[in-house]
Amino acid sequence: MRITFLIIVSLLFSCKENYEVPNHTPGVVKVFDDLLMVAYGEGGLVISSENSGQILTQIFPPNGMNSIDDFDVDGDLIFVLDSRGRDFMAVFSFDGNNVSLVSDPVTVEGGPFNGISAVSGNLVVSGGTTFLNRFTYSEKGDVQGPISFGRDRGHPDVLLSTNGQAAFISTDFGIGLDIERFGVTSLFIGDELDIPYVISELGIAESGLTEGLTSPVGFPIQSVIYNDNLLVAHGGGLTIIDLIEDYVFGSNNMIDIGINAISVDVDSDIAYVIGYQETIPSLVRVDITDLSAPTIISTEALPTNGSIPTSVAVGTSNVYIAAGKAGLITLPKN
């Protein structure tokens, strides 16, 4: 089947002046219900309706922050992260029409390749090359914390479980341990503002820093939850980890999907993985209906004009890929 695609060199070139993001490139893209959300760093966070394509609002970095490099959403709350040397986190509310700042910027630990995740009153900033920060927040977005946890380096990304009780942290375990240097850790978070504790650690072969990436957030070793499994995109491909009771890591299966993987999203038993094959940026669709024997459906070269793709998100009909200077690429899901 011939697959057509649309390259959006900039999502906003045709929009009114207030929504332009000149000289800024998309770093992270996510879809929440009908909302397509793209972080443009110093250009802020642009929110549009996926179905209509109408841009609803643009959130600029609040006073004290230089950029919005990563974000997460819980209901009407949007948690934004500045990870460009002066690390801050702030909280906005968005009701579909109006945006308001509900929690002023808070200083967090950070460094290159930082990430943020928020679920059900729990908030974690991964900490990049330093300690991760643990917060709690109210329904109105009032934030308490942080408390710090972890090693003094090597936490590029974080994903909270669907109930917010556990955090999955991409981890640099260091050299000299009886474990692969890079991999993923599961932490128990709980409901109270207590120090997390380690549930499981898994070193993953060939999962080191992904060559060529320059974005300050969320890469590499990026994860997504699929049923009772954690799918981890990394330099060696895609690893599927069975999450058994209380988020303990069970069996795991590393799959060679033909690319050095950077980011992954899942929809309807299909994993959409971006990365590059040798020097060719690519999107790989993987059928994960049978987790013991995943099947590659297709591999497509991405027209990124030499840029490394950094983030992928699946919507109702399309796959969205943040691709640096090439802008936001939109492809049909199938």
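Predicted model: local features only at pLDDT ≥ 70, side-chain atom pairs only at ≥ 80, totals over all residues.

**Exercise 1.** Determine in which strand S48 is found, and whether S48 counts as buried or exposed.

*Solution.* 
Step 1. The strand that holds S48 is β4, which covers residues 45-49.
Step 2. The relative accessibility of S48 is 3%, and the limit for a buried residue is under 20%.
Step 3. S48 therefore counts as buried.
Step 4. Apart from neighbours within four places in sequence, the residues in contact with S48 are D34, L35, L36, G53, Q54, I55 and L56.

**Exercise 2.** Classify Q58 as buried or exposed, and state which residue has its backbone oxygen 2.6 Å from a polar side-chain atom of Q58.

*Solution.* 
Step 1. Q58 belongs to strand β5, residues 55-59.
Step 2. Because its relative accessible area is 8%, Q58 is buried.
Step 3. The backbone oxygen in question is that of G43, at 2.6 Å from a polar atom of the Q58 side chain.

**Exercise 3.** Describe the largest pocket: how much space lies in it, and which residues lie nearest its centre?

*Solution.* 
Step 1. The space in the largest pocket amounts to about 1100 Å³.
Step 2. Its lining consists of 46 residues, and those nearest the centre are K30, V31, F32, D72 and L159.
Step 3. Among the elements that each give two or more residues to this lining are β2 (28-32), β6 (70-74) and β14 (158-160).
Step 4. By type, the lining residues comprise 24 nonpolar, 12 polar and 10 charged.

Methods:
Residues numbered from 1 in each chain as written. Heavy atoms only, no water. Helix = DSSP H or I, 4+ residues; strand = E, 2+ residues; numbered from the N terminus. Buried < 20%, exposed > 50% of the residue type's maximum accessible area, 1.4 Å probe, protein only. Contact = heavy atoms within 4.5 Å. 1 Å grid on protein atoms, 1.4 Å probe; cavity = no way out; pocket = protein on both sides within 12 Å on 5 of 7 lines; lining within 4 Å. Points joined across faces, edges and corners; volume = space filled by probe spheres on them. Nonpolar A, V, L, I, M, F, W, Y, C, P; charged D, E, K, R; others polar. Polar contact = N/O pair within 3.5 Å; in protein donor to acceptor, adjacent residues only side chain to side chain.
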